[in-house]
Amino acid sequence: MTEPAAPTAGDEVTNPSLESEGELAFEGALRPRSLTEFVGQQKVRGQLQLLLTAATMQNRTPDHILLAGPPGLGKTTLAMIIAYEGDRPLRMASGPAIQHAGDLAAVLSSLVPGEVLFIDEIHRMARSAEEMLYLAMEDFRIDIMVGKGAGATSVPLDLAPFTLVGATTRSGMLPNPLRDRFGFTANLEFYAENELELVLKRAAALIGLPIGQRALAEIAGRCRGTPRIANRLLRRVRDYALVHGGDADLTAVHAALELYDVDEIGLDRLDREVMRIVLTRFGGGPVGLNTLAVSVGEESETIEAVVEPFLVRIGFLTRTPRGRVATPAAWRHFGLSSSGGLTSQGGLPLDDL
Ligand SMILES: Nc1ncnc2c1ncn2[C@@H]1O[C@H](COP(=O)(O)OP(=O)(O)O)[C@@H](O)[C@H]1O
Ligand SMILES: [Mg+2]
């Protein structure tokens with residue numbers, strides 16, 4: 001076993017799932033409030049628009065919706081938009097907080113007709129609650145157990161019709177009966193750079209930061225395809241310009257991102273550490289998820305839900321049945337050859353990354 005790697009300042013900036021109090025307020029101010037304001041995810045937007053409009057026309061609650069994808073891509077934002085667009089009340093809940101069926105029963109029984117119930121990280125809900133949810137989703141009804149032991153009886157309780165919006169970073173963890181009960185699953189994708197530029201432009205306007213196109217493009221290229229990280233880097237660039245009394249220009253972007261350990265393609269310390277381990281300790285793989293997680297001192301869930309999707313998306317890592325394997329592109333990026341040693345193009349020794 002190796003010692004867990006010490007966290008560095010860089011992690012906070014690029015960890016897409018870390019949400020501090022200050023950040024939550026900042027994000028709240030930047031969240032788009034309608035589907036038209038929501039940048040990118042064109043396909044999902046079109047699908048949602050159709051589903052919501054049809055429901056409105058027929059004067060019924062929209063089907064249950066599952067939002068799946070890595071952290072920071074807009075799941076919570078979309079859940080809120082689903083409520084706003086239909087002018088419906090919104091109730092926010094989270095999977096880890098639902099430890100017993102009773103926790104869920106309390107929420108479900110207090111819903112008002114047409115309410116949107118958002119359950120974040122729905123894959124982490126307790127099993128017993130999950131089973132209660134099946135019936136609730138299908139028939140707007142739950143069975144409540146009254147009494148204990150042999151004298152226990154179940155009392156049916158009708159619920160107000162509602163729309164469940166579930167969010168998950170790991171749709172593979174959802175049991176099939178639950179997944180099947182959603183009328184629609186939206187798989188959110190990482191954003192393209194031109195979309196991220198739009199996200200950044202909009203955010204810069206909202207926080208009143210004058211910033212040029214080149215600086216925006218540079219941030220867009222380094223935020224791991226993730227709006228949350230884009231907005232966070234923008235804040236750091238703003239801080240940098242403020243403290244140094246200059247403009248939020250390309251120089252400020254370079255300096256701020258270097259300070260926070262984000263490289264030219266958006267890899268952060270943990271990404272580089274994962275690649276370093278795969279390449280140097282396991283000769284490029286295959287290496288199993290758990291072994292990899294232990295080697296970098298992280299939860300395997302973090303590696304699987306946060307780090308890996310991006311490394312797969314940029315073509316550095318592939319998932320095979322035998323484990324994770326580094327691609328030739330990864331060897332090249334880190335200036336290594338698979339036989340060990342540096343390639344003739346040089347590149348940085350991994351220890352310095
Ligand atoms: N499509 C988008 N357009 C504009 N901003 C977005 C978009 N998606 C996400 N954001 C911004 O990114 C931040 C994180 O989004 P959020 O919905 O909380 O992600 P998730 O719930 O998937 O982790 C929010 O502040 C939001 O303003
Ligand atoms: Mg969220």
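Tutor: What follows is a set of questions and answers about this model, which is predicted.

Student: Why is strand E3 called largely enclosed?

Tutor: A residue is buried if 20 or more other C-beta atoms lie within 10 Å of its own. In strand E3 (residues 116-120), 5 of the 5 residues are buried, so the rest of the structure largely encloses this strand.

Student: Which way do the residues of E3 point?

Tutor: Val116, Phe118 and Asp120 point one way, while Leu117 and Ile119 point the other way; all are buried. In a regular strand the side chains alternate between the two faces of the sheet.

Student: How do you know that strand E2 pairs with E3?

Tutor: Two strands pair if DSSP finds at least two bridges between them. E2 (residues 90-94) and E3 are joined by 5 bridges, so they pair, and they run parallel. Ser94, for one, has Asp120 of E3 as its bridge partner.

Student: What makes E3 and strand E6 a pair?

Tutor: By the rule of at least two bridges, the 4 bridges between E3 and E6 (residues 163-168) are enough, and the sense is parallel. The bridge partner of Val116 in E6 is Thr163.

Student: Why are E2 and strand E7 called edge strands?

Tutor: The open sheet has 5 strands in the order E2-E3-E6-E1-E7, with parallel pairing. E2 and E7 (184-187) each pair on one side only, and they are the edge strands. From one strand to the next, the twist averages 15°.

Student: What makes the unit of E2, helix H5 and E3 right-handed?

Tutor: With the strands pointing away from the viewer, a right-handed path from the first strand over the helix to the second runs clockwise. E2, H5 (residues 101-109) and E3 make a right-handed β-α-β unit, so the path over H5 runs clockwise in that view.

Student: Which residues are closest to ligand 1?

Tutor: Glu27, Gly74, Lys75, Thr76 and Thr77 are the closest of the 19 residues that surround ligand 1. Helix H2 (21-30), helix H4 (75-85) and helix H10 (227-244) are the elements that give two or more residues to this shell. The shell divides into 8 nonpolar, 7 polar and 4 charged residues.

Key:
Residues are numbered from 1 along each chain as its sequence is written. Chains are lettered from A and ligands numbered from 1 in the order in which they are written. This is a predicted model: local features need pLDDT of at least 70, side-chain atom pairs count only at pLDDT 80 or more; totals for chains, interfaces and linings use all residues. A residue is buried if 20 or more other C-beta atoms lie within 10 Å of its own, exposed if 12 or fewer, and partly exposed in between; C-beta atoms are placed from the backbone. A residue is near a molecule or strand if its C-beta atom, placed from the backbone, lies within 6 Å of it. Ala, Val, Leu, Ile, Met, Phe, Trp, Tyr, Cys and Pro count as nonpolar, Asp, Glu, Lys and Arg as charged, and the others, Gly among them, as polar. Axes are lines fitted to C-alpha atoms, for helices over the stretch in contact, and angles run from 0 to 180 degrees between N-to-C directions.
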